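Visitor: I am new to reading protein models. Could you walk me through one, feature by feature?

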Amino acid sequence: MSYSWNWDIFLSPTPSGESTYLGWLIEGLQWTVTLSLGAWIIALILGSLLGVLRTVPSRWLSGLAAVYVEIFRNVPLLVQLFIWYFVLPELLPAGLGEAIKQSDPMTQQFFAALLCLGCFTAARVCEQVRAGIQSLPRGQRSAGLALGFTLPQTYRYVLLPMAFRIVLPPLTSEFLNVFKNSAVASTIGLIELSRQSQQLVDYTAQAYEAFIAVTLLYVLINVTVMLAMRALERRTRVPGYIGGK
Amino acid sequence: MYEFDWTSIPGALPILADGMLVTLEITATAILVGIVWGTLLALARLSGSPPLVWLAAGYVNLFRAVPLVMVILWFYLIVPAMLTNWLGVGQGSDIRMISALVAFALFESAYYAEIIRAGVQSVPKGQVNAAYALGMTYPQAMRLVVLPQAFRNMVPLLLTQAIILFQDTSLVYVIGLADFFGSAYKVGDRDGRLVEMLLFAGAVYFVLCFGASLLVRQLQKRFAT
């Protein structure tokens, strides 16, 4: 093999001269982290809401949440992203659609990816939250209601505090998935981490260095999230349950 | 308001069918290789021999830490170089396909390995002890006693993973391979009917995956004892 390694490539300036290639990687990392954290917040809020709806004693509401989950789980993420990015602006009322299409492309890409990833992950979060609520003994709900709590109060003070602590480990893996799935945003042109690696290959032809660096950055994200969540899991673990003391 | 025009879809069906074949080919290869290689990885991880455990755990954790998009790009970089250097094969037209097949097979193995490891661990320890007491060797105990029971428990999870894999194959878009989604995108772009083609592709994926997941649920009910 006649590949010439050149790790110094990261320190050399980019063609525009404003930054180094390392600077590009860091910029990509920032987009990946911003996108993933933003999408995770949407997913947590929307997913918890849907997860609660799945368990309320109303056929209509739980059916609605079930339909949401099935739709977002059974269409590939890439297709969903393209629908958010290419299809949605066309289907909105003409004025709003035009306004979106005339905005800055980077903003369009970012918000399409943010909403897509948020709604996609919400379906998964919903299933975890539902499983958490259903894993609680039936008596908890009955006891809450018997004490005179309204249904929202029962969820707020009795069911959810327990359910969230129980589903924290599976939520951790969903959180990790958000970071990995954010790489799909590269397909609509958002210059996040994996797109940045391709750009580095195009500009420098040092493909192995670029890919190794980006792969290591993803591993680093993974390890950081895992350690942070493990610390959180230790703090919130429920005594008497599996993993508890 | 947007005026829908679905007329370009009937004419595009042959192209889309070709794309679907590519999708299914990648899915099927990844499932087969993934289960075989994944079983070996899982057994290595449970073997108790430090170098084997370490290697298998490293493989599984590395693949699970990296986005599939990066894995596909990695193999599109490595596979052509290997083919030309080691096997002397020229830069053929199906190089994308070979790269995608290798990438998906090795990537999915990591996920299958974890499912299979959990499945093997779910078999009661007494089963292994009983097999040893009957004079079986380790490979015999695994092949004749543990794995058949483990796979029975794992069937729903393995199938669910296959559905996820089927959806994930759409990511070969990043190396420009025309699978079902890639074909739909190309046709939509060519005819200026991207909106309709994307919605159509989404609907097809939904019907197939939702149908398959209903079947898995049925199966799960029948397998549950």
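Visitor: Which elements of chain A do the buried residues of α7(A) pack against?

Guide: They pack against α1 (21-55), α5 (105-135) and α6 (138-146) of chain A. Keep in mind that this is a predicted model.

Visitor: Which residues of α7(A) are buried?

Guide: Start with the general idea. An α-helix has 3.6 residues a turn, so residues three or four places apart point the same way. Now take the case here. Tyr155(A), Leu159(A), Ala163(A) and Ile166(A) are the buried residues in α7(A).

Visitor: Where does helix α7 of chain A bend?

Guide: Look at Leu159(A), where the helix, residues 151-166, bends by about 50°. A proline, Pro161(A), follows within four residues. Leu159(A) is also one of the buried residues.

Visitor: Let's turn to chain B. How many helices and strands are there in chain B?

Guide: Chain B has eight helices and zero strands. Read from the N terminus, its elements go α-α-α-α-α-α-α-α. Its C-alpha atoms fill a box of roughly 70 × 50 × 25 Å along the principal axes. Of its 225 residues, 36% count as buried.

Visitor: How do I describe two helices that pack together?

Guide: Two packed helices are described by the angle between their axes and the distance between the axes. The crossing of α2(B) and α4(B) is left-handed.

Visitor: Which residues make the contact of α2(B) with α4(B)?

Guide: From α2(B) come Tyr59(B), Val60(B), Phe63(B) and Arg64(B). From α4(B) come Phe107(B), Ala110(B), Ala113(B) and Glu114(B). Sort these contact residues by type: six are nonpolar, none is polar and two are charged.

Visitor: What about contacts across the sequence of chain B?

Guide: Take contacts between residues at least 6 apart in sequence. In chain B, 73% of them join residues at least 24 apart.

Visitor: Now the two chains together. How many residues of chain B are in contact with chain A?

Guide: Count 28 residues of chain B, in contact with 28 residues of chain A. On the chain B side, α3 (68-87), α6 (138-168) and α8 (194-223) each supply at least two residues.

Visitor: Which element gives the most to that side of chain B?

Guide: α8(B) does, with 11 residues. The side of chain B that touches chain A divides into 22 nonpolar residues, five polar and one charged.

How values were computed: Residues numbered from 1 in each chain as written. Chains lettered and ligands numbered in written order. Predicted model: local features only at pLDDT ≥ 70, side-chain atom pairs only at ≥ 80, totals over all residues. Contact = placed C-beta atoms within 7 Å. Nonpolar A, V, L, I, M, F, W, Y, C, P; charged D, E, K, R; others polar. Buried ≥ 20, exposed ≤ 12 C-beta atoms within 10 Å, placed from the backbone. Left-handed = near helix turned anticlockwise from the far one by under 90°. Bend = angle between axes of the 7 residues up to and from the residue.
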